[in-house]
Amino acid sequence: MKKSILIVDDDKKLLASLKEGLDGHKGKYRVLTVSNGRKAINVLKTRDVSVVVTDLKMPEINGINLLSYISTRFPDIPVIVMTAYGTSNTEKLVRNEGASDYLKKPFKLKALISSLEGILKRQVEGGELHNVSPAMFLQLLEVEQRTCTVRVIENKSHKEGVLFFKEGFLIDARLSGLFGEKAAYEILSWEKTSLAIENQCRAKKKRIQGDLQALILEAMRLKDEKRSVQHPEAPEGAPGDGRDEEVIVVGGEEGQEPDGLEVVRKRVAPILGGNGFVRPYRDSSWNSLVAQATRIGAFFEAGDLKAGFINRNEQNSYLLLPGHQTIVVEVALDCPRDRLLKMLSKD
Amino acid sequence: MVTLKEFFADIMDVEGVEGLILFSRQGEILHKEFRNEESFEPESRDWWGLFIYTLDGIEEADFVFRKKWLYIRKTNNGYLFVLAKRGAPVAMVRLNCDILLPNLQDMEGQKGWGRFFRRNK
């Protein structure tokens, strides 16, 4: 896929010449050009840009300010600074501000290409993966406590997002002009992506507080919510259309069973007696497991999920009934599990 | 050396069992077997690992659906999923897991363990 290079310079002739040179270079680059820092910021907020090449001396927002802005807001986007007026102090200053490279004008196109190639190579030094689900892979990064920047491209739409990891913790995310958790939810909901890993974390701020697992679950929930609005649940007896398994509707809406807990209690009590169980209660912390089990059931063309039994090797086990909030009945481990499941899964 | 297909034959032989999948802790499919080989392609889905992660060390689980029953049992190295029709003798499946799975664990650490997970066509 072509990399987008944004060139910022008030010298229109130079812009045209660089654009022509890079556009023609092995079809690797897509070149965008703007004449000042303000326009560059607008582009960064709305388009996916891989590298910025900027002049220093420009009207309105100058190159140093643009560099500072990018280093703070878009830390994953490398910046090459070019200038005709620089000194060794200038080079030191811009590198301290976060510039990835510094070119003294006039320079040959070859020098810019070499700089771009070095920068883009570093972005994949940690490896590249194709056709993977980011949620799955990122859990490995968490387990391995990696510090890295992961660039993610969604295979269908070619949208590009970035995730920042520090010692296994996801600390920030960016997707065009979205940042933090909002960007993370979108990226984590993508199914087939290509990933490129850079072995350093470019984020400077920790904008994400939650842990990765919670973010992934929330991303799934938001995605399923969006889907269930776009694709109502397929009718039963319509297997094989492939959509059933994508719609995770966990039971009915709250309020459809005026007293679902009481119904459950009445079914369970005759089997266990009055004291053989903890009174049913609702607990949404089970919703994610139930939702995923529902999806697996759809994959296996098994029909609606009716009930579940969970043994955690604790004193009590858990009977689960899907609902807006999962209904839970705590029972002894040696309870007549199959009778209970049969009773609870009756229509 | 016995193959996984042979190893799980007693579970597959239980009436009503439609198939089974053995997963690693990371959600990688180590072995799958279905009575009708063309039934399902779990490799086509990439969310198994997330489900395994959500199980979070659960020892075993039963999920009863309108038409089928899914039994999940933790192994030393991951999870075994057994899919069966509703009404299958589930207690037999659990009993077979009780008998067989410790042998699966005992084989870990033995030389050639990796060969044991040779994928069976």
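Reader: What makes helix 9 of chain A and helix 11 of chain A roughly antiparallel to each other?

Author: Their axes come within 10 Å and cross at roughly 155°. Angles run from 0 to 180 degrees between N-to-C directions, with axes fitted to C-alpha atoms, for helices over the stretch in contact. Under 35 degrees counts as roughly parallel, over 145 as roughly antiparallel, 65 to 115 as roughly perpendicular and the rest as oblique. Helix 9 of chain A and helix 11 of chain A are therefore roughly antiparallel. A word on the source: this is a predicted model, where local features need pLDDT of at least 70 and side-chain atom pairs count only at pLDDT 80 or more, while totals for chains, interfaces and linings use all residues. Residues are numbered from 1 along each chain as its sequence is written, and chains are lettered from A and ligands numbered from 1 in the order in which they are written.

Reader: Which residues make the contact of helix 9 of chain A with helix 11 of chain A?

Author: Helix 9 of chain A brings Arg267(A), Val268(A) and Ile271(A), and helix 11 of chain A brings Arg339(A), Leu340(A), Met343(A) and Leu344(A). Contact here requires C-beta atoms, placed from the backbone, to lie within 7 Å. By class, that gives 5 nonpolar, no polar and 2 charged residues. Ala, Val, Leu, Ile, Met, Phe, Trp, Tyr, Cys and Pro count as nonpolar, Asp, Glu, Lys and Arg as charged, and the others, Gly among them, as polar.

Reader: How do you know that strand 13 of chain A and strand 3 of chain B pair?

Author: Pairing takes at least two bridges found by DSSP, and 6 bridges join these strands, which run antiparallel. One of the pairs is Gly308(A) with Phe63(B). Strands (E, at least two residues) and helices (H or I, at least four) are DSSP runs, numbered from the N terminus.

Reader: Where does helix 10 of chain A meet helix 3 of chain B?

Author: Ser288(A), Leu289(A), Gln292(A) and Ile296(A) of helix 10 of chain A meet Leu50(B), Phe51(B) and Thr54(B) of helix 3 of chain B. These residues divide into 4 nonpolar, 3 polar and no charged.

Key
Contact = placed C-beta atoms within 7 Å.
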